[in-house]
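Dear colleague,

I am passing on the structure that we spoke about, and below it you will find my notes on what came out of it. Please read them with the model open beside you.

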Amino acid sequence: QVQLVESGGGLVQAGGSRRLSCAASGRTFSSYAMGWFRQAPGKEREFVAAITWSGGSTSYADSVKDRFTISRDNAENTVYLQMNSLKPEDTAVYYCAAAVSSPQYDYWGQGTQVTVSS
């Protein structure tokens, strides 16, 4: 079992920055990939960013590329999402996820709300 707890959400003005954190527990954190997803009101959940177990490779949705950065600290069992140049369309509940037992994400956090005001 893996437990994921996100934090760092809140209200931010357009153009501002925010860093989300996701603390993991329950399994060896450095052995699995992590990802961030988001779900805006009335929309389906969408992929935001992912990072491999070592942190050596990352991937991003086109909508956040060059603005968001995913990173991880395996010593702290934490994955981060640094969000810069935020836009109102980035408003969503942000979830972290872990791909522990398969290439699919099989553990999810409870989500943290990010609201970007214009």
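In which strand does Arg72 lie? Arg72 belongs to strand 7, which covers residues 68-73; strands here are DSSP runs of E of at least two residues, numbered from the N terminus. Before going further, please keep in mind that this is a predicted model, in which local features need pLDDT of at least 70 and side-chain atom pairs count only at pLDDT 80 or more, while totals for chains, interfaces and linings use all residues. Residues are numbered from 1 along each chain as its sequence is written, and side-chain values use heavy atoms, with hydrogens and water left out.

Arg72 is buried yet has no salt bridge, and the nearest side chain of opposite charge, that of Asp73, is 8.3 Å away. Buried stands for under 20% relative accessible area, exposed for over 50%, and partly exposed for what lies in between (1.4 Å probe, protein chains only). A salt bridge is a side-chain nitrogen of Lys or Arg within 4 Å of a carboxyl oxygen of Asp or Glu, and for charge Lys and Arg count as positive and Asp and Glu as negative, with His and the chain ends not counted. What the side chain of Arg72 does have is a polar atom 2.8 Å from the backbone oxygen of Phe29, and the backbone oxygen of Trp53 lies 3.4 Å from a polar atom of that side chain. Leaving aside residues up to four places away in sequence, Arg72 touches a set of residues that includes Phe29, Tyr32, Met34, Ile51, Trp53 and Val79, where contact means heavy atoms within 4.5 Å.

Two strands are taken to pair if DSSP finds at least two bridges between them. Strand 1 and strand 3 (residues 18-25) are joined over 5 bridges, with Gln3 opposite Ser25; strand 3 is in turn joined to strand 8 by 6 bridges, and there Arg19 stands opposite Gln82. Strand 7 and strand 8 also pair over 6 bridges, Phe68 having Met83 as its bridge partner. Strand 8 is mostly covered, since 5 of its 6 residues are buried. In the hairpin of strand 7 and strand 8, which has 4 residues between the strands, Asn77 takes a positive phi near 55°.

**Strand 11**

In a regular strand the side chains alternate between the two faces of the sheet. Strand 11 (residues 112-117) has a covered face made of Thr112, Val114 and Val116, and an uncovered one made of Gln113, Thr115 and Ser117. Strand 2 (residues 10-13) pairs with strand 11 in the parallel sense over 4 bridges, and Gln13 has Ser117 as its partner. Strand 9 (residues 92-99), by contrast, runs antiparallel to strand 11 and is joined to it by 3 bridges, one partner pair being Tyr94 and Thr112.

**A network of salt bridges**

How many salt bridges are there? The count comes to 4, and Arg38, Glu46, Arg67 and Asp90 are linked in a network of them. Glu46 bridges to Arg38 with the closest N and O atoms 2.6 Å apart; Glu46 is partly exposed at 35% relative accessible area, whereas Arg38 is buried at 5%. Arg38 also meets Asp90 in a salt bridge (2.9 Å, N to O), a pair that links distant parts of the chain, as Arg38 is in strand 4 (residues 33-39) and Asp90 is in the loop between strand 8 and strand 9, 52 residues apart. Asp90 is buried, with a relative accessible area of 0%, and forms a further salt bridge with Arg67, the closest N and O atoms being 2.7 Å apart. Arg67 lies in the loop between strand 6 and strand 7, so its pairing with Asp90 ties together parts that are 23 residues apart in sequence. Arg67 counts as buried, at 11% relative accessibility.

**Loop residues with positive phi**

Asp66, in the loop between strand 6 (58-60) and strand 7, has a positive phi near 75° although it is a residue other than glycine, and at 79% relative accessibility it counts as exposed. Ser85, in the loop between strand 8 (78-83) and strand 9, likewise has a positive phi, of about 50°, and is partly exposed at 41%.

With best wishes

Note on methods
A polar contact is a pair of N or O atoms within 3.5 Å; within protein, one must be able to donate a hydrogen and the other to accept it, and residues adjacent in sequence count only if both atoms are side-chain atoms.
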